[in-house]
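User: I have a model open and want to go through its packing with you. Can you start with the helices?

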Amino acid sequence: MLRFRLCLSFFSVRTVKQLDEVLTAISPKIRALRTSILLSSGDNDAIERTGGMTTLENETGTRELKGKRALVTGGTRGIGAAVVRRLLDAGAEVLTTARSATSTVPEGATFVEADVRTRAGAQALAAAAQEVLGGVDVLVHNAGGAQPYKGTSAIPDEEWQGALDLNYLAAVRLDSLLVPGMRERRSGMIVHVSSAAVPATPPPFLHYTAAKAALENYSRGLASELAPFGIRVNTVTPGRVATPGGEATREQWARLDPAQGQNSATVPLGREGQPDDIAHAVLFLVSDRAGWLTGSNIVVDGGEFPRG
Ligand SMILES: NC(=O)c1ccc[n+]([C@@H]2O[C@H](COP(=O)([O-])OP(=O)(O)OC[C@H]3O[C@@H](n4cnc5c(N)ncnc54)[C@H](OP(=O)(O)O)[C@@H]3O)[C@@H](O)[C@H]2O)c1
C-alpha cells in the first residue's frame, strides 16, 4: 500500500548537480516513508521457512542480508521484480530502476526511473544510489532483452548497438561507477544476468547472445580482478522463464518461425522457469553462503542447455 517512487527523468533532470538538488530536497521524505514501511510491514511473515529452518536467516538468527544495500536494474517486472522481493525478504534495503514507473514496483523497494543503456543513465543511477542508500553492497544487473529478427543480416546496426548497450555495456558502465566504493570498503557482491541461449546462438538473436556472451566473459575477468578486494562477481544464466519480456519475445520469435519460440517441451525438468527460480540463485550468490564463490556462472534452465 505504501510505496514511494522517486522518478528521475533524464528529460527533466539533466545533470548530476540538478539530480543532487532534487534528491537533497526529498530524501528526508524517502527515509521517513521507508521507516514507516519497515515498521508496519510485519516482515516476519515474508520469511520463508523450510523444514523448521529459516532459510533467510544466518546462524545468529539475523536475516542474512540485514544492513546490506542493494541496487537491482529492471526490477518492475519479471525476474528483476522477483530478485527485489527476495532481497527485501532477506532484510536488504533495495533500490531498483526501469525506464518507466509502473504499479508493479515491489512493495518496500525505492524506485528510480533511469535508462541503463546510456552513460548518463548509469551516472544518474549511481548518484541516486549514493543519495538514497549511501552506497551499494549488492549490485544485480538484471535489465536486458532484445527483439528477434529474421536472421543475422536482418539485424540493423542500431539494434546491434542497442543490444550491446543494454545487455553488456550497461553493466560495464554501472560497475565502473560503483566498484570504487566496494573496493574502499573491501567488500561487495555483483551478479550479472546472462542467457542460456548464449551457447545455442540462434540467428534471430545473435545481437543479444553476442552481447550476453561478452557479459559472461567480462564477468569472469572482473571476478579475478576484484577478488583480492573482497568483491565477488558471479553470473546467473536463466533459461526459458515465464516473464512479460520472455513471453513477448518468444511470441515474436514464433511469428518469425512457427517451429520456434513457444516450444517449452524441450525443457528436461518438464516446465518453463518462474522468476523465483532465478531469484533464488541470485539470493544465494549474494549471501554469505556463497562466500567462496566468485567467477562462477549458475545456469538455471531446467536442464535445457547443458554446458560442458
Ligand atoms: N525471461 C526469459 O525467458 C529470460 C531468458 C534468458 C535470460 N533472461 C534475462 O533475464 C533478465 C530479465 O528478463 P525478464 O524476462 O525478466 O525481462 P522483462 O520481463 O522484460 O523485464 C525487464 C525489466 O528491465 C527493465 N528495463 C528494460 N530495459 C531497460 C533499460 N534500458 N533501462 C532500465 N531498465 C530497463 C524493464 O522495465 P522498462 O521496460 O519499464 O524499462 C523491466 O523492469 C534479462 O537480462 C534477460 O535477458 C530472461
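**Helix packing and ligand shell**

Analyst: The axes of helix α3 (residues 119–133) and α4 cross at roughly 40° and come within 9 Å; axes are lines fitted to C-alpha atoms over the stretch in contact, with angles from 0 to 180 degrees between N-to-C directions, and helices are DSSP runs (H or I, at least four residues) numbered from the N terminus. This is a predicted model, where local features need pLDDT of at least 70 and side-chain atom pairs count only at pLDDT 80 or more, while totals for chains, interfaces and linings use all residues. Residues are numbered from 1 along each chain as its sequence is written.

User: Which residues of α3 and α4 meet there?

Analyst: Arg119, Ala122, Gln123, Leu125 and Ala126 of α3 meet Ala170, Arg173, Leu174, Leu177 and Leu178 of α4, contact meaning C-beta atoms, placed from the backbone, within 7 Å.

User: And at what angle do α4 and α5 pack?

Analyst: Helix α4 (residues 157–185) packs against helix α5 (residues 206–226) at about 15°, with the axes 7 Å apart. That makes the two helices, α4 and α5, roughly parallel, a label for angles under 35 degrees. Among the contact residues are Trp160 and Leu164 of α4, and Tyr208 and Leu215 of α5.

User: Switching to the ligand, how many residues surround it?

Analyst: The ligand is surrounded by 30 residues, the closest being Gly74, Gly78, Gly144, Gly245 and Gly246, where near means a C-beta atom, placed from the backbone, within 6 Å. Elements giving two or more residues to this shell include the helices α2 (78–89) and α6 (244–256).

Note on methods:
Parallel < 35°, antiparallel > 145°, perpendicular 65-115°, else oblique. Contact = placed C-beta atoms within 7 Å.
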